[in-house]
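Colleague: Can you walk me through this one? Start with the overall picture, then the details.

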Amino acid sequence: MDNTKKQLTIWRVVAIVLCVAVVIMSVCWVITANNSGNTTAQRSVTDTTAKSSGSDPLSLWNDNAKLKTELQSYVKSVTTKGDSFIPEEDRIAVFDFDGTLFCETDPNYFDYTLFVYRVKEDPTYVDKASDFEKQVADRIITLNTTGGKDENLPVDHGKAVATAFAGMTHEEFYKYVGEFMKQPMPSYDGMNRGDGFYKPMLQVIDYLEANGFTVYIVSGTDDIIVRGLISNSTLLKTPMNQIIGSKQSVVGTNQGDTDGLDYFLHDDKVVLGNEFYMKNLKMNKVTNILEKIGKQPVLSFGNTSGDGSMDNYTINNNKYKTGCFMLCCDDTERENGKTSKADDMVKMCQENGWTPVSMKNDWKTIYGDGVTYKGNSK
């Protein structure tokens, strides 16, 4: 009897242990399943938030703005499995900078005003400026006051920038740009030179990135200037390797006149050289997109004919669904717009199949609260 009782006791213990083990395994399975489900749900909520967002991801755009309705429809179609679906690795969007993401003229481009300051006002450089640099600065000032065109100025400006900042390390140059950004914007109250980002367009970038797009800035401004501006800004944080612009030489501090193919870098610093290579406008933008990105974009955003080649490269002969949006500087109350230039862009949009964006009618704000334009309407 004692042996029988012992055996029954042992079997009871084994049975209890097995039951407990089964319960524990079941609980673990449920927890794991729930965690997995929660992760999926979390991703789903995150995706839904990114795509439709309970709150409007393009809240600074008026509801009837063509870009808002067209872009949201486009993003929904290319991020949903189906005929229009685009894999994330091919969701490439390219943005011009001046006049597309940032105040274009006050009284001229950011890079032009930076250069004029360097040559005409910077006490550490005024006496060192070359005659050519001074001539280019004077041409910019003349353009600011009289308007008109100077066809050779973009390239001459690039050459002058290269010599005016030669010898600086990239870090030194970015710091210089950061200091210039602290100066007040002449035509606005409540805004410094580095604050001139178009807030509705920053929402577009956030919206696209939340939906798996990689955003590149493809600017006519020197890439080092755009990188300096963005690296000192809290409003836009595009990675440095996603900024493409006009190019100047880079050399070693001990390189001298030795060709790059013949020079081997040792412990010397890498600094800005004094040669200008390429103005990143028109077809050059396409060339640089192919060289730097290696893929055809599916979305393009610009504001002038200098972006036209990039736009048409994006929307023509593309295996994916595409879109192009062009800003029209038609707001003369909140921004130093120019209606004649805006009208010309609307016409170009009609001719090329681009969607026009009215800064006046499509945006609830431009620079945000507290910023007012104090110039005269044009």
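**Surface, sheet and patch**

Modeller: The accessible surface of the protein chain is about 19,600 Å², and carbon and sulfur atoms hold 52% of that. Keep in mind that this is a predicted model.

Colleague: What share of the residues counts as buried?

Modeller: Of the 378 residues in the protein chain, 46% are buried.

Colleague: And how many helices and strands?

Modeller: The protein chain has 12 helices and nine strands.

Colleague: What is the strand order in the open sheet?

Modeller: Seven strands run in the order β5-β4-β3-β1-β6-β7-β8, and the pairing is mixed. β5 (270-278) and β8 (355-358) are the edge strands; each has a single partner, so one side of each lacks a neighbour in the sheet. From one strand to the next, the twist averages 35°.

Colleague: How do β4 and β5 run, parallel or antiparallel?

Modeller: Antiparallel, with five bridges joining β4 to β5. Within that pair, G252 is opposite V270 of β5.

Colleague: Switching to the surface. Which residues form the nonpolar patch?

Modeller: V250, L265 and V270, which together have about 220 Å² of accessible area. V250 belongs to strand β4, residues 243-252.

Colleague: Why does V250 count as partly exposed?

Modeller: Because its relative accessibility is 41%, and partly exposed covers what lies between under 20% for buried and over 50% for exposed.

Colleague: Last one: what share of the contacts with a separation of 6 or more is between residues 24 or more positions apart?

Modeller: In the protein chain, 70% of them.

Definitions and conventions: Residues are numbered from 1 along each chain as its sequence is written. This is a predicted model: local features need pLDDT of at least 70, side-chain atom pairs count only at pLDDT 80 or more; totals for chains, interfaces and linings use all residues. Side-chain values use heavy atoms; hydrogens and water are left out. Patches are made of residues with over 30% relative accessible area and no salt bridge: like charges are joined within 9 Å, nonpolar side chains (Val, Leu, Ile, Met, Phe, Trp, Tyr) within 5 Å. Accessible areas come from the Shrake-Rupley method with a 1.4 Å probe; for residues, only the protein chains shown count as cover. A salt bridge is a side-chain nitrogen of Lys or Arg within 4 Å of a carboxyl oxygen of Asp or Glu. Helices (H or I, at least four residues) and strands (E, at least two) are DSSP runs, numbered from the N terminus. Buried means under 20% relative accessible area, exposed over 50%, partly exposed in between (1.4 Å probe, protein chains only). Two strands pair if DSSP finds at least two bridges between them. Axes are lines fitted to C-alpha atoms, for helices over the stretch in contact, and angles run from 0 to 180 degrees between N-to-C directions. Contact means heavy atoms within 4.5 Å.
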